[in-house]
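Biologist: I have not seen this structure before. Can you walk me through it?

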Amino acid sequence: MNSMRKKMSNPWHDLAEKTLGPDDTIEKTYSCRFEKQGGYLCLARKKMVFVSVKGFLRKSYDVLLNAPYDEIDEVKLAGRYKIDHIQKGETHLIETSDISAKILVEGIQDVIKSSSAQVEISGL
């Protein structure tokens, strides 16, 4: 069982890492939906990246969100499984399915604390 715990390469994780700067690393990842598209929200030390995953046998991956924390205005808990991500005056919907949105917002809050960005966290 422990041999399975080796770092497995995930194409979505690799794409998210390529989107980051050389001095940034992913701290937390969450499976969720961004604007109705499934994929993974990756929280790095300096920015938030969402990589969509499409397809069943042949998967394709796209970066739908590449948001440095200092460009995010607010992260708001909007419901049990919904978060509003507000950036440059635009609101984007992030939806969770397997965990409560509150856990995700708290994860975002935790990672942002280590950055110097001032992001309003509301709804908790």
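Predicted model: local features only at pLDDT ≥ 70, side-chain atom pairs only at ≥ 80, totals over all residues.

Biologist: Fine. In which sense do strand 1 and strand 2 pair?

Modeller: They pair in the antiparallel sense, over eight bridges. Strand 1 covers residues 26-34 and strand 2 covers residues 37-44.

Biologist: How many residues lie between them in the hairpin?

Modeller: Two residues. E35 is in that turn, and its phi is positive, about 50°.

Biologist: Which other strand does strand 1 pair with, and over how many bridges?

Modeller: Strand 7, residues 90-95, again in the antiparallel sense. That pairing has two bridges.

Biologist: What stands opposite R33 in strand 2, and what is its bridge partner in strand 7?

Modeller: In strand 2, R33 faces G38. In strand 7, the partner of R33 is E95.

Biologist: Changing topic. Which residues of the largest nonpolar core touch the most other members?

Modeller: L41, L43, M48, Y69 and I108, out of 23 residues in that core. Strands 1, 2, 3, 4 and 5 and helix 2 each give two or more residues to this core.

Biologist: Which element gives the largest share?

Modeller: Helix 2, with six residues.

Biologist: And what is M48 in contact with, leaving aside neighbours within four places in sequence?

Modeller: The list includes L41, L43, L65, Y69, I72 and I108. N66 and H85 are also among the contacts of M48.

Biologist: What about another core, apart from that one?

Modeller: There is one of eight residues, among them A16, L20, A44 and V51.

Note on methods. Residues numbered from 1 in each chain as written. Heavy atoms only, no water. Pairing = 2+ DSSP bridges. Helix = DSSP H or I, 4+ residues; strand = E, 2+ residues; numbered from the N terminus. Core = buried A, V, L, I, M, F, W, Y, C linked by side-chain atoms within 4.5 Å. Buried < 20%, exposed > 50% of the residue type's maximum accessible area, 1.4 Å probe, protein only. Contact = heavy atoms within 4.5 Å.
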